[in-house]
Amino acid sequence: MLAQVRSYTLFGLDAVPVTVEVDVSPGLPSYALVGLPDKAVEESRERVRAALKNAGFPYPQARVVVNLAPAELRKEGSHFDLPIALGLLAAQGVVPLESLSGLAVAGELGLDGALRPVPGAVNLALGALAEGKKLLLPMESAKEAALVEGVEVWGAESLLQAVAYLKGEETPQRAEPEDPAVLLEALDLRDVKGQAKAKRALEIAAAGYHHLLMVGSPGSGKTMLARRLPFLLPPLSQEAALEVSRIHSAAGQALKGLLRTPPFRAPHHTVSYAGLIGGGAIPKPGEVSLAHRGVLFLDEFPEFSRDALEALRQPLEDGVVTVARAKASLTFPARFLLVAAMNPCPCGWYGDPERACTCTPASRQRYVGKISGPLLDRFDLVVEVPRLTPAELARAPEGESTEVVRERVLRARERMLARQGRPNGELAGKALREHVRLTPGAEALLQAAAKKMLLSARSYDRLLRVARTVADLMASERVEETHVAEALSYRKTL
């Protein structure tokens with residue numbers, strides 16, 4: 001007897017439909033699994049056998065063939081356990097075949113028949129929504145899938161409960177999303193003493209979505225500043241929250257609610273190329289995609305591998321990253337705000353007022369040279385964060401709170417969206433020239449600076465974007481000389 005169960009396999013961020021075909025026919029007891037399964041899928045044989053036995057269901061003493069169609073698509077993951085088990089029961093007449101119509105199934109089985117959560121529940125729900133099917137998942141995954149509106153999700157705790165649903169012995173339990181996770185308490189800018197210029201650069205970066213590089217000695221407050229940046233950014237819209245949640249779900253992170261706060265990712269400098277950009281036999285999203293619509297913070301910037309840093313160029317320009325492999329080539333969204341921090345030299349004390357630098361000029365040059373010119377050119381803001389002495393820290397004023405600065409950022413962002421429909425950091429070409437109107441004094445200052453500093457075309461455009469953001473923060477329609485002057489002050493030479 002033949003039974004068919006609908007399921008999905010994750011291919012990047014997409015849930016690709018897979019039909020699990022189970023055929024039980026007379027013959028010597030055997031089990032064959034075909035359809036290009038990976039190791040986790042192949043091992044489902046023993047999990048399914050033990051789960052059926054321990055849940056009190058029969059395991060067929062016959063010839064069993066399980067096909068995962070389409071056959072040419074690589075299947076991976078343990079979430080095929082439940083559809084295979086239900087297919088075996090349907091092929092034996094334990095579960096009515098008609099009960100599987102209009103239903104998609106995914107879930108990992110424990111040896112006792114308990115259902116365990118699977119990654120990518122949000123993406124599975126989007127796949128079921130596209131096909132107009134109901135979705136049966138382990139309860140924990142079902143609550144995550146229920147974050148997607150418009151799809152009916154059933155949650156089950158065990159194989160026994162799933163079978164009871166299909167036989168009509170128990171009313172299916174509709175999954176509801178859990179209450180959104182409690183937002184982290186906003187980190188306050190007032191905790192960072194002094195550093196008025198760096199705080200201003202942080203404000204400009206948040207308002208216009210400008211990439212920021214901070215240079216300073218150890219203990220100057222670079223990491224403290226970076227960790228406060230997400231709380232200055234506007235909250236994610238419903239569409240953006242679903243897009244970001246989809247990426248994190250595909251990466252295997254359990255979600256209690258849609259991610260409303262812009263994500264903050266801070267990978268260690270030993271992160272691999274694949275970990276930063278994305279990779280795998282079937283590519284998975286990396287840190288640049290997990291930081292989509294949020295902040296990617298790279299501390300000890302020159303210590304990252306050269307290959308990984310150079311790979312940042314594509315997402316910084318295009319907002320996407322393409323990972324090509326022999327078996328698949330996938331494109332992931334990666335429009336993030338890059339914030340990097342570095343020491344001025346290998347020992348970290350070059351230019352410090354109290355401690356002497358032990359580095360030679362050649363070693364300092366090699367250290368800074370780890371960052372290529374084209375990559376450095378992609379930072380809109382480069383600011384020095386000097387270490388304050390204990391006496392200076394004691395005298396430093398408290399400064400503005402995150403809430404006050406955030407209100408200013410939100411007002412500036414509203415002006416940008418009303419004028420051009422996007423943050424200033426994303427303006428380019430004709431749109432940049434159209435929306436950045438310079439006064440004669442500002443134009444003269446910019447031309448003189450470009451000639452003296454030998455600015456590239458990219459650097460010139462970035463100065464225009466930063467100056468436009470400064471003007472928006474000061475509620476000015478035109479870019480004036482003072483706005484250009486402030487933008488030029490964030491072009492520190494390494």
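**Figure 1. The salt bridge between Arg45 and Glu46.** In this predicted model, the side chains of Arg45 and Glu46 meet in a salt bridge, with N and O 3.4 Å apart. Arg45 is partly exposed, having a relative accessibility of 34%, and Glu46 also counts as partly exposed, with a relative accessible area of 44%. The pair belongs to a structure that holds 30 salt bridges.

**Figure 2. The salt bridge between Asp188 and Arg190.** The closest N and O atoms of Asp188 and Arg190 are 3.2 Å apart, and the two residues form a salt bridge. Asp188 has a relative accessibility of 18% and therefore counts as buried, the limit for that class being under 20%. Arg190, at 33% relative accessibility, is partly exposed.

Figure 3. Arg200 and Glu486 are joined through their side chains by a salt bridge of 2.7 Å, N to O. Because Arg200 lies in helix H7 (residues 196-208) and Glu486 in helix H21 (residues 481-488), the pair ties together parts that are 286 residues apart in sequence. Glu486 counts as buried, with a relative accessibility of 18%. A network is also formed by Glu317, Asp377, Arg378, Asp380, Arg458 and Arg462, which are joined into one by salt bridges that share partners.

**Figure 4. The surroundings of Lys133.** Lys133 is placed in the loop between helix H4 (121-131) and strand S8 (134-138), and its relative accessibility of 22% makes it partly exposed. When neighbours within four places in sequence are left aside, Lys133 is in contact with Arg6, Tyr8, Gly102, Leu103, Ala104, Ala128 and Val151. The C-alpha atoms of Lys133 and Val105 are separated by 9.9 Å, these residues being 28 residues apart along the chain.

Figure 5. Apart from residues up to four places away in sequence, Met214 touches Lys222, Leu225, Ala226, Val339, Ala340, Ala341, Met342, Val383 and Val385.

Conventions. Residues numbered from 1 in each chain as written. Predicted model: local features only at pLDDT ≥ 70, side-chain atom pairs only at ≥ 80, totals over all residues. Heavy atoms only, no water. Salt bridge = Lys/Arg side-chain N within 4 Å of Asp/Glu carboxyl O. Buried < 20%, exposed > 50% of the residue type's maximum accessible area, 1.4 Å probe, protein only. Helix = DSSP H or I, 4+ residues; strand = E, 2+ residues; numbered from the N terminus. Contact = heavy atoms within 4.5 Å.
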